[in-house]
Amino acid sequence: MINNSNQEKFDKFRDKFNCLTFEKFTSTLTPDKTLEVIFEFNIDETIFFKPTLKIPYRKFYDSFYYSNDISALDSIIFHIGMVELVSYWKAICPKNIVIKPFALNASQIDFWRKIYFNGLGEFFYTNSIKTDIDKFVDINSCGSNQLTILPLSNSNKAIIPVGGGKDSAVTLSFAHKLYEESIPLILNPRGATLSTIEVAGYHCNDIIEIQRTIDPTLLKLNSEGYLNGHTPFSALLAFTTLLTSTLANIPNVLLSNESSANEATVIGSEINHQYSKSFEFESDFRKYVHQNLSPNFNYFSFLRPLSELQIAALFSKLKPYHPIFKSCNAGSKTDSWCCNCPKCLFTFTILSPFISMPELVSIYGENLFEKESLLKDLDELAGLSPVKPFECVGTTEEVNLALWKTIQQHDPNQPLPFLLEYFKTSSKYKSIQAKDFNAFIHKYDNQHFLTEPAFNTLKEEILCIFSKK
């Protein structure tokens, strides 16, 4: 993983460029009531970026628009810009960030420093850049505007972000048991996300839509060999949901992040591809928002007590979603499974104890366990290598358990597929017993923000599935 050329770029850029400035942002309401936001960043007033955000009108925003000027949203919009900022900083990594639109105190700056550093953990690791949380950047706020707090109602309604994968489908399917009304939210709609909400019974006009664009200048820098890598996308989603919650006056936002997201990607480190999906981020975010923006905004991960293995069991019963869900980043533009990446292999693996092989093959188009080309990915997913794939995948323990269970269920008169035969010879497989799988299925993570009724709903659903086995 050593890449001295990227360390050299990092050092060179920091000598050549001094500062990334968050200059300002503008928000307007178009004649059709689309909220349009333009953020303005620059590096030493020589490289300029203008990423945008658009939220098309929905009838459930009327109450806010009738009673408020859109400037009431400025404090929240500013925070979306603070997350966007890190994507532009990482191209050149200047030593300084200057924030002009609002005044931030020391504790608020510490919050952002932590998000930036931890959210860039994968970026620093994969680029072999050596730095630390105290040295990677200085953040200075010179704005005069003060943050304002916007209250939300205590209604029994919820917003559910939908990504098109199995997790958000599970949340959509159970939310009606707890909330009188749920509204799906989609950021940059694509085939799988739109199909998911259609299967759930929603029309496109019933959902919250967000359109985000990246400034072409950043893409140009990436193509020219400037630094590039992963950023904390789910942090952007978090602050964007706060904006739409305020517009719709709906206090509850149900994420679909599981306990598995807490596991480090690099074993023995704090580097986590899913940092902004972790309980640590969720907890920090809730505290920050309650203190600085909206005290009754209830952002939480509905599936947090569960593992990916448990979620796969729940999803296996939601058959209408099986033909349309997608979780492959490589195939996202074509709304397909590429069947050649660790994310495809992970979802195939985690579902394999609960969905028959013929149905899995019909979903993916081929049997991924037969592909020798995925052996390296299997090693990483199962913990046979020291680094997991830099993807949103589950823990090595539950991957091992899923593989073990699938092997146990395989017809002994038929040859095992290549990857299963390979795993069967490993020490991981040999150390697992039936009681381990059964115990894991009924194990729940107690670090979550669910109400007792919500937590009990999940446990009852799991019990219902496995009491019939």
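This is a predicted model: local features need pLDDT of at least 70, side-chain atom pairs count only at pLDDT 80 or more; totals for chains, interfaces and linings use all residues.
Colleague: Is Arg212 buried or exposed?

Modeller: Arg212 has its place in strand β9, residues 208-213, where helices (H or I, at least four residues) and strands (E, at least two) are DSSP runs numbered from the N terminus. Not counting residues up to four places away in sequence, Arg212 touches Thr52, Leu53, Glu84, Ser87, Leu187, Asn188, Phe233 and Leu236, contact meaning heavy atoms within 4.5 Å. Buried means under 20% relative accessible area, exposed over 50% and partly exposed in between, with a 1.4 Å probe and protein chains only. Because its relative accessible area is 17%, Arg212 is buried.

Colleague: Which residue makes a side-chain polar contact of 2.8 Å with Asn6?

Modeller: Asn6 is found in helix α1, residues 4-16, and is buried, with a relative accessible area of 9%. Leaving aside neighbours within four places in sequence, Asn6 is in contact with Asn127, Ile129 and Leu227. The residue whose side chain makes the 2.8 Å polar contact with that of Asn6 is Asn127.

Colleague: Are α12 and α13 roughly parallel or roughly antiparallel?

Modeller: The axes of α12 (residues 342-351) and α13 (residues 357-364) come within 11 Å and cross at roughly 155 degrees. Axes are lines fitted to C-alpha atoms, for helices over the stretch in contact, and angles run from 0 to 180 degrees between N-to-C directions. Angles under 35 degrees count as roughly parallel, over 145 as roughly antiparallel, 65 to 115 as roughly perpendicular and the rest as oblique. The crossing of roughly 155 degrees therefore makes α12 and α13 roughly antiparallel.

Colleague: How many charged residues does the contact of α11 with α19 have?

Modeller: Helix α11 (residues 308-316) and helix α19 (residues 452-466) pack at about 70 degrees with axes 10 Å apart, and are therefore roughly perpendicular to each other. Gln310, Ala313 and Leu314 in α11 meet Glu461, Ile462, Ile465 and Phe466 in α19. Ala, Val, Leu, Ile, Met, Phe, Trp, Tyr, Cys and Pro count as nonpolar, Asp, Glu, Lys and Arg as charged, and the others, Gly among them, as polar. By class, the contact has 5 nonpolar residues and 1 polar, and the number charged is 1.

Colleague: What is the phi of Asp44?

Modeller: Most residues other than glycine have a negative phi. Asp44, in the loop between β2 (35-43) and β3 (47-49), is partly exposed, with a relative accessible area of 29%. Although Asp44 is not a glycine, its phi is positive, at about 55 degrees.

Key
Residues are numbered from 1 along each chain as its sequence is written. Side-chain values use heavy atoms; hydrogens and water are left out. A polar contact is a pair of N or O atoms within 3.5 Å; within protein, one must be able to donate a hydrogen and the other to accept it, and residues adjacent in sequence count only if both atoms are side-chain atoms.
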